[in-house]
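Here is my note on the model, point by point. Please read it with the coordinates open.

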Amino acid sequence: MVLLLLCVSVVGIDEVSATSNEFIVNGGFETGDDTGWTGRYYDVTSEFAHSGLYSLQIFSSDGGVWQDLTKPISSACIKNFGFWHRKISDYGVSLIYAVINYDSPEPIICDAVESTVDWQYYDIMPYIPANTQIESIMIWTAKVWGEGWEEVCVDDVSLVVKLSDDGAPWWYNNPPQSQNQTGNNQQSEGWLDWRGISQRATETLKRLLGNPWILLLLIALIVWLGSYSIRRR
Ligand SMILES: [Ca+2]
C-alpha cells in the first residue's frame with residue numbers, strides 16, 4: 001500500500017510539472033477552428049486578429065462561446081484572466097461581456113462593455129471572488145434596444161496561473177491556506193494535499209482491482225505468500 005501511495009503521488013507530481021500556466025484551450029483560435037469552444041452564432045475568421053492569424057467572429061447579438069476549464073482553478077492562483085475584442089466596423093452599438101462559473105450555483109455575470117473598431121482588453125480579474133474555484137468562461141454579446149448591431153471579434157482569451165521561481169504552477173509551492181484553515185472548502189486545493197493523494201490512491205486501487213490480470217497477479221501473490229509461510233513452519 002505504501003508503494004502504491006508513492007506511485008500515485010509521483011503521478012501527481014508529474015501532472016503538475018507537465019501543466020502549462022495557460023489554462024484556456026485555443027484561446028487565440030490559432031488552430032483555425034473552434035477547438036476547445038462551444039457556442040452559437042460564431043465563426044473563426046482570418047480577416048481580423050489581435051495576434052496570430054485568426055480570431056473568433058460573433059455574427060449576431062446574444063451569441064458567443066464558452067469553455068469548461070480542464071480543471072477548476074483556485075482564484076488565488078490566477079495571474080491574468082481576460083480577452084481582447086473589437087467591432088468589425090463603426091456601425092451600431094455592440095456590447096460584450098463575460099460570464100464565469102465557479103464553485104457556486106450562481107454564475108458571475110461581468111459588466112458589459114461596448115466594443116470599438118480598435119482592439120480592447122476585457123479584464124475578468126476584478127470580478128473573481130476570493131477563495132473560489134473558477135470552472136468555466138463564457139464570452140457573450142448583447143445589443144441595445146433600438147440601436148443597430150455590428151459583428152464582434154474576440155482573440156487571445158487567456159487564463160494564466162502564477163508560476164513559482166522553479167517554473168512550477170504557483171500552488172505547487174504555495175498551497176492556499178485560508179480555505180484549509182476555515183474548513184469551508186472540502187474540495188482538494190492542490191495535488192500535494194493528503195486528501196487528494198488518498199482520493200487518487202483509492203481511485204487507482206479501484207482501477208487496478210478492475211483489471212483481471214492485476215487481480216490474478218494479486219491472488220497468485222497471496223497464494224504464494226501463504227504456501228511460503230506454511231513451508232517455513
Ligand atoms: Ca489569434
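How many bridges join strand S3 to S11, and do they run parallel or antiparallel? Three bridges join S3 (residues 55-58) to S11, and the two strands run antiparallel.

1. Basis. This is a predicted model; local features need pLDDT of at least 70, side-chain atom pairs count only at pLDDT 80 or more, and totals for chains, interfaces and linings use all residues. Residues are numbered from 1 along each chain as its sequence is written.

2. Confidence. pLDDT is the predictor's confidence in each residue, from 0 to 100. The chain averages 82, and 78% of its residues reach 70 or more. Two stretches need care. Over residues 1-19 pLDDT stays under 50, and the model has 21 contacts there beyond four places in sequence. Over residues 178-192 pLDDT also stays under 50, with 27 such contacts. A contact here is a pair of C-beta atoms, placed from the backbone, within 7 Å.

3. Overall make-up. The chain has five helices and eleven strands. Both are DSSP runs, numbered from the N terminus: helices are H or I with at least four residues, strands are E with at least two. Of the 233 residues, 22% count as buried. Buried means 20 or more other C-beta atoms within 10 Å of the residue's own, with C-beta atoms placed from the backbone. Among contacts between residues at least 6 apart in sequence, 71% join residues at least 24 apart.

4. The sheet. Five strands form an open sheet in the order S2-S3-S11-S5-S9, with antiparallel pairing. Pairing requires at least two DSSP bridges between two strands. S2 (42-45) and S9 (120-123) stand at the edges with a single partner strand each, so one side of each has no neighbour in the sheet. The twist averages 35 degrees from one strand to the next. For that angle, axes are lines fitted to C-alpha atoms, and values run from 0 to 180 degrees between N-to-C directions.

5. Bridges at S2 and S3. Four bridges join S2 to S3, again antiparallel. In this pair, Tyr 42 stands opposite Ile 58 of S3.

6. Strand S11. Eight of the ten residues of S11 (residues 152-161) are buried, so the strand is largely enclosed by the rest of the structure. Eight bridges join S5 (residues 78-87) to S11, antiparallel. Cys 153 of S11 is the bridge partner of Gln 57. Cys 153 is also the bridge partner of Arg 86.

7. The core. A nonpolar core is a set of buried Ala, Val, Leu, Ile, Met, Phe, Trp, Tyr and Cys residues joined through C-beta atoms within 7 Å. The largest one has 30 residues; Leu 56, Ile 73, Phe 83, Ala 98, Ile 124, Ile 139 and Val 154 touch the most other members. S3, S4 (64-74), S5, S6 (94-102), S10 (133-143) and S11 each supply at least two residues of this core. S11 gives the most, with six. Leaving aside neighbours within four places in sequence, Val 154 is in contact with Ser 55, Leu 56, Ile 58, Phe 83, His 85 and Ile 139.

8. Lys 87. This residue is in S5. Lys 87 counts as buried because 22 C-beta neighbours lie inside 10 Å. Beyond four places in sequence, the contacts of Lys 87 include Ser 94, Glu 150 and Val 152. Val 117 is 30 residues away along the chain, yet its C-alpha atom is separated from that of Lys 87 by 4.8 Å.

How values were computed: A residue is buried if 20 or more other C-beta atoms lie within 10 Å of its own, exposed if 12 or fewer, and partly exposed in between; C-beta atoms are placed from the backbone. Two residues are in contact if their C-beta atoms, placed from the backbone, lie within 7 Å.
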